[in-house]
Amino acid sequence: MKSSLIRILFLLTGLGLAAFRCNDNEDQTYNTELAELNELKTQIQNLAESAVCNNDTTCKFIAFGSKPCGGPWSYLVYSTSIDTDQIENLVAAFNEKENLFNAKWGVASDCALTQPPRDVICENNRCVAVYSQ
C-alpha cells in the first residue's frame with residue numbers, strides 16, 4: 001500500500017512538473033516569436049526612414065501591421081528612393097506573420113479602425129503623412 005502511494009505521488013509530481021515545463025516552453029516560444037516580429041518591424045521602419053524625397057510624388061504609404069480585429073495598426077510612409085519592391089514585400093511578410101501570431105496566441109486589441117493618411121508630402125527631404133486638412 002505504501003509503495004503504491006509513493007508511486008502515485010511520484011507520478012503526480014512528474015505530471016505537475018511536465019505541465020509547468022510546457023508553459024515555460026510556450027512562454028519562450030511566444031517571446032521568441034514576438035522578438036522576431038519586433039526585429040522585422042524595426043528593420044522595416046529603418047528602411048523606410050532611410051528614404052529621402054525631393055517632391056511629393058515620390059512619397060507613398062502602406063498598411064502596416066495586423067490588428068487582431070482586422071486592419072492595420074498604422075500606415076508606414078516611405079519614399080520611392082528606396083527599393084519599393086523590397087519594402088512592400090517585407091511589409092506584406094510582416095503583416096502575415098503578425099496575423100498568424102495573433103491567431104496562434106489569442107492576441108486581443110481594440111477594434112478601432114485605423115484611418116489612412118489623407119495625403120503624403122515631402123517635407124525637409126522626408127515623407128510625412130498628412131491626416132487633417
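## Second largest pocket

In this predicted model, the helices α1 and α2 each contribute at least two residues to the lining of the second largest pocket. That lining consists of E33, E36, L37, L40, K97, L100, F101 and K104. By class, 4 of these residues are nonpolar and 4 are charged, with no polar residue present. The space in the second largest pocket amounts to about 160 Å³.

## Largest pocket

The largest pocket holds about 190 Å³ of space. Its lining comprises 13 residues, and N38, K41, W73, F94 and E98 are those nearest the centre. The lining of the largest pocket divides into 7 nonpolar, 4 polar and 2 charged residues. Here too, α1 (2–49) and α2 (84–105) each supply at least two lining residues.

## Helix α2

Helix α2 contains 22 residues and extends 31 Å from its first C-alpha to its last, close to the 32 Å expected at 1.5 Å a residue. Its buried residues are I87, L90, V91, F94, N95, E98, F101 and N102. These residues lie on the same side of α2 because they cover an arc of only 135° around the axis. On the other side of the helix, D85, N89, L100, A103 and K104 are exposed.

Some of these residues also take part in the pockets. F94 and E98, buried in α2, are among the residues nearest the centre of the largest pocket. The lining of the second largest pocket includes F101, L100 and K104; of these, F101 is buried, whereas L100 and K104 are exposed.

## Ends of α2

At the N-terminal end, D83 caps α2, with a side-chain oxygen 3.2 Å from the backbone nitrogen of D85. After α2 comes G106, which has a positive phi near 65°.

Notes. Residues numbered from 1 in each chain as written. Predicted model: local features only at pLDDT ≥ 70, side-chain atom pairs only at ≥ 80, totals over all residues. Heavy atoms only, no water. 1 Å grid on protein atoms, 1.4 Å probe; cavity = no way out; pocket = protein on both sides within 12 Å on 5 of 7 lines; lining within 4 Å. Points joined across faces, edges and corners; volume = space filled by probe spheres on them. Helix = DSSP H or I, 4+ residues; strand = E, 2+ residues; numbered from the N terminus. Nonpolar A, V, L, I, M, F, W, Y, C, P; charged D, E, K, R; others polar. Expected span 1.5 Å × (residues − 1). Buried < 20%, exposed > 50% of the residue type's maximum accessible area, 1.4 Å probe, protein only. Arc of directions from axis to C-beta. Polar contact = N/O pair within 3.5 Å; in protein donor to acceptor, adjacent residues only side chain to side chain.
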